[in-house]
Structures are given as structure tokens and as C-alpha cells.
Amino acid sequence: MQIRKTYKELNPELLYHEIRDFTQKQGVTIDEAKLETYSLPNDSSSFISRGTLTFKVHGKSVKAGKECLRAHIVGSARSETKLIFDIDEKLFPEQKILALQDDLDFVFGSYEVKPS
């Protein structure tokens, strides 16, 4: 399953950190966490950030150690920030997906660009 969201005037680093915390609250473990910042070629005072977070199932089950969710974030606080979740629904069930989306919508709903 894939979830895509676009936000306006939202710091991508804030989104990155909140996704990390909200997802861990759902009982998974961070596997990889990268956040990089680049200056724009036409304006060295403006930056674009790129973040990747991967999460694995933890515990003693057969599913433990497998990647269940990956989040990709790219954007700028001055314009748009885009988010893509790639989710393995067998490892990260619908109730956890809904809880994660509820947390994100509560905190960042006013920044989200709704599809027209």
C-alpha cells in the first residue's frame, strides 16, 4: 500500500521527526534514518531537504526483522513538502496505518494540500 501527501509551508525536518516518533509509537523499530539538506542552485539561501525512514517489526515472531514501512520526504519549508509511505500491510496492519494517519492529520492537517 502507498500513501501520498503534499504539505504547504511545512518544515520537512519537523515532518521527518514527527513521522519517526508517531511510527515508533505504533510498536515498530527504526531500521534506517537519513536526513539530508541541499541548497538550491539558483538561491543559496534556500534549502530542500530529503529524508528516508525505514521501520522493521521487532519482537520474537517470524515477522521480526522485516521491513514493514518506509517513508520518503522531500521538500522545502518555503514551498511544498511531499511525503510517500510504502507500507507492507501484512506486517503493519490497517489499525496501525489509521492511527498513524490520525496522528499526522491532527498535527499537520492544516498544512496538507487537498487534491482537487
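## Exercises on a predicted protein model

The protein's secondary structure consists of 2 helices and 5 strands (DSSP runs, at least four residues of H or I for a helix and at least two of E for a strand, numbered from the N terminus). This is a predicted model, in which local features need pLDDT of at least 70, side-chain atom pairs count only at pLDDT 80 or more, and totals for chains, interfaces and linings use all residues. Residues are numbered from 1 along each chain as its sequence is written, and side-chain values use heavy atoms, leaving out hydrogens and water.

**Exercise 1.** Find the order in which the elements of the protein run.

*Solution.* Start at the N terminus and walk along: the order is β-α-β-β-β-β-α. Next, look at the radius of gyration, taken over C-alpha atoms. The value is 15 Å, close to the 13 Å that the globule rule gives for 116 residues, so the protein is as compact as a globular protein of that length. The rule itself is 2.2 Å times the number of residues to the power 0.38.

**Exercise 2.** Work out how strands E2 and E3 pair.

*Solution.* First, locate E2 at residues 28-40 and E3 at residues 43-57. They pair in the antiparallel sense over 12 bridges (pairing takes at least two DSSP bridges). Then pick Ile30: the bridge partner of Ile30 in E3 is Phe55. Finally, look between the strands: E2 and E3 form a hairpin with 2 residues between them.

**Exercise 3.** State what share of the residues is buried.

*Solution.* Apply the cut-off: buried means under 20% relative accessible area, with a 1.4 Å probe and protein chains only. Of the 116 residues in the protein, 34% are buried.

How values were computed
Buried means under 20% relative accessible area, exposed over 50%, partly exposed in between (1.4 Å probe, protein chains only).
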